[in-house]
Amino acid sequence: MIRIELASRVRNLPPYLFAEIDRLKQETLKAGVDLIDLSIGDPDIPTPPHIVDALKKSADNPAHHRYPSYEGMLSFREAVADWHKRRFNVSLDPRTEVLSLIGSKEGIGHIPLAFAEAGDVVLYSSPGYPVYPVSALFAGAEGYPMPLKEENAFLPDLKSIPADTAKRAKLMFINYPNNPTSASAPDGFFKEVVEFAAKNNVIVCHDAAYSEIFFEGKRPRSFLETPGAKEVGMEFHSLSKTYNMTGWRLGFAVGNKDVLAGLGKVKSNLDSGVFECVQEAGIAALATGDDVLAPLRNIWEERRNILYEGLSKIGLHAIKPEATFYLWAKCPGTSSRRTLDSRAFSRLLLEKAGVLATPGVGFGAAGEGYIRFALTTDVARIKEAVERIKKAI
Ligand SMILES: *Cc1c(COP(=O)(O)O)cnc(C)c1O
């Protein structure tokens, strides 16, 4: 028997903060509790049928059964450029400024390998998508969390980043509309980011996974709409949340061609691109009009309204989101006026209400004191969750 030892990059992974919640969830299910799971960032609504049909049709063509090109079919990259132009009025060269990804997580996970190493810093907003700090760690770089605080509208305070840290920074991950806080970026914020990046020579990676899940016609902007943005950065997009395609694994990177070339170089050595039939389905997805997307947004909006109003009525302070399918809520105080920490509140909801929500600290230390509800369950269950929470607290 050999000694099987993990490499330090895996040994040094941050502790998995959801492990305790996972264990409690399994116990709760085993005990036969009717669990309402509001913890999952994965739409419960199926992929629209015209997209599924495009995959089926494409699957019959053997030409699509062979290795794809790592950068994506030109037809897919053209569809991305057309979509970006229509949606944001940003022009992209499909040959150099668009790269297909096996889901945006893949690109986020790989990009630090192209640009950061030991001695470098990767700035990332926190609480946030856990892949940002892990990808920095895997590249051997040092992660620097930029806290998103409610009093600062959940925007990072770029001025508070120490000068020597900013100087060593190679990459910055930001994400609006934001998971988990559900905040949107106000006008002016991206301009500040471009100025910071230009001054400190930092590549900006904007994660726009939720750009199409918005309410009341408040369409989020692309980072690339900002003057100078294409000189300093790029944007990650995902088909997962927009078209209910999380299982399909399709996303794309757009923006600065040298940044995309670096990411492409890593990818060409590690993966072999996206299955062409999935790219063809992606072309059909990107052509989807508001006739299909507006009713989907209405589903999220109705759920948002019910949960937001329900929680407010029972005295829980939640932020009413303009986008995303999450609600970020403050943990309540206990009778002794001490605020419950997020894991304790999550445990209380699970044990007393059979409702599962994600403790904020799982998204980074700055998420402590909050809990995230995902709207990935139907209206009747959300209403019942509110009733049960009311009784539990
Ligand atoms: C869901 C999500 C992603 C990843 O999406 P995929 O394209 O499915 O990999 C990236 N960033 C954030 C913030 C997300 O919530």
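Residues are numbered from 1 along each chain as its sequence is written, and side-chain values use heavy atoms, with hydrogens and water left out. Because the model is predicted, local features need pLDDT of at least 70 and side-chain atom pairs count only at pLDDT 80 or more, while totals for chains, interfaces and linings use all residues.

Start at strand E7, residues 233–238. Strands (E, at least two residues) and helices (H or I, at least four) are DSSP runs, numbered from the N terminus. Six of the six residues of E7 are buried, so the strand is largely enclosed by the rest of the structure. Buried here means under 20% relative accessible area, against over 50% for exposed and in between for partly exposed, with a 1.4 Å probe and protein chains only. Gly233, Glu235 and His237 point one way from E7, and Met234, Phe236 and Ser238 point the other way.

E7 has a partner in strand E6, residues 203–207, with which it pairs in the parallel sense over four bridges. Two strands pair if DSSP finds at least two bridges between them. In this pairing, Val204 stands opposite Gly233. Strand E8, residues 251–255, runs antiparallel to E7 and is joined to it by five bridges. Here Ser238 stands opposite Gly251.

E8 also holds Ala253, which counts as buried because its relative accessibility is 0%. The C-alpha atom of Ala253 is separated by 6.2 Å from that of His237, 16 residues apart along the chain.

Ser238 leads on to the ligand. It is among the closest of the 14 residues that surround the ligand, together with Asp207, Tyr210, Ser240 and Lys241; a residue is near a molecule if one of its heavy atoms lies within 4 Å of it. Helix H5, residues 104–115, gives the largest share of this shell, three residues.

For Asp207, the distance to a ligand nitrogen atom is 2.6 Å. An oxygen atom of the ligand is 2.7 Å from such an atom in Arg249, and for Lys241 the distance to a ligand oxygen atom is 3.1 Å. The protein covers 94% of the 390 Å² of accessible area that the ligand has on its own, an area taken from the Shrake-Rupley method with a 1.4 Å probe.

Terms used. A polar contact is a pair of N or O atoms within 3.5 Å; within protein, one must be able to donate a hydrogen and the other to accept it, and residues adjacent in sequence count only if both atoms are side-chain atoms.
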